[in-house]
Amino acid sequence: MIEDQRRTLRIAVPATSANLGAGFDVLGLALDLHNLFTITLAEETTLEIRGYADNLPADSSNLFCKAFNHLFKLAEREAPQLAIRMELFVPPGKGLGSSATAVVGGLVAANTCMGGPLSGPELLREAIKLEHGGHADNVAPALLGGLVVNALDNGNVVSLRVPVPAEVKAVLFTPDFAMDTVQGRALMPEHYTRADTVFSTSRVALFLAALAERRYSLLKIAMQDRLHQPYRAQIFPLLDGLIEAALNAGAHGACLSGGGSSVLALVTTGADEVGAAMLKKAKAAGIMGDVRVLEIDRKGAQATWEEATA
């Protein structure tokens, strides 16, 4: 519990990459890039946002605050007044689960303040309720860390962590423009052919098997997709070119990260070369952006009590 103003609670929540190719709304991977949330007991709630703060509400409508208050309301308890500081390093609108970090961060903060009454699966259930669209592919790895497989069963989501070999790293190219997830989904068909469905299921299975057996050369095939990327490419025409550039530079597999606009490549060696190839391809098309080489986050959301600083 927050006892007084001399204690502060610090929560770190990782960025995530959903889908990983054909695992549409099913697979999610936590990355070693974090949004940080610090809360201290106060006489009235204040919100300070650093980093990627543009267009984010600095009041109770902020997703972190909504998630924090949601859990206290669920427990039929009054939420305390807080001084909240957010340090946001995950760019929003770039397919890296920035909104999921706020939802998970608020829930973990509230649960920790209340002494941890909710288990991991219970927190995940509430996170899915609060995440836009009710999908688990971002919130589950943000909460649990690592690679997470999600399946819907009679309205309930079953989430399972899957081991990722230590040598696997992520290379991200993040363009300087955002992509609208809702717009991207609207481009997708209501129904798919049997061939596209088999294509998808075979590649999700191959992706998991290839990682388990360290058969990295198979990831090029396993990260192909027919469910969402061809349609989202209508608003990101360079997508296929960036994927090809990453593969030609030595990436084992590459895909659109979540709903975009970031492009994710998985590597075991040559990360800098893969990043440089994507950056060169983008610049040649007049697109600016950033490259990050990231480890896989294997811990998920972390909450730590600290002595408050002046």
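**A helix pair and its setting**

Reply: Of the contacts (heavy atoms within 4.5 Å) between residues at least 6 apart in the sequence of the protein chain, 76% join residues at least 24 apart. The model is predicted, so local features need pLDDT of at least 70 and side-chain atom pairs count only at 80 or more, while totals for chains, interfaces and linings use all residues. Residues are numbered from 1 along each chain as its sequence is written, and side-chain values use heavy atoms, without hydrogens or water.

The protein chain holds ten helices and eleven strands; these are DSSP runs numbered from the N terminus, H or I of at least four residues for helices and E of at least two for strands. Buried residues, those under 20% relative accessible area with a 1.4 Å probe and protein chains only, make up 50% of the 310 residues. The C-alpha trace spans about 55 × 45 × 35 Å along its principal axes.

Two packed helices are described by the distance and the angle between their axes. The axes of α9 (residues 239-248) and α10 (residues 271-284) come within 8 Å and cross at roughly 145°; axes are lines fitted to C-alpha atoms over the stretch in contact, with angles from 0 to 180 degrees between N-to-C directions. From α9, the contact involves Gly241, Leu242, Ala245 and Ala246, and from α10 Val274, Ala277, Met278, Lys281 and Ala282. These contact residues divide into seven nonpolar, one polar and one charged, where Ala, Val, Leu, Ile, Met, Phe, Trp, Tyr, Cys and Pro count as nonpolar, Asp, Glu, Lys and Arg as charged, and the others, Gly among them, as polar.
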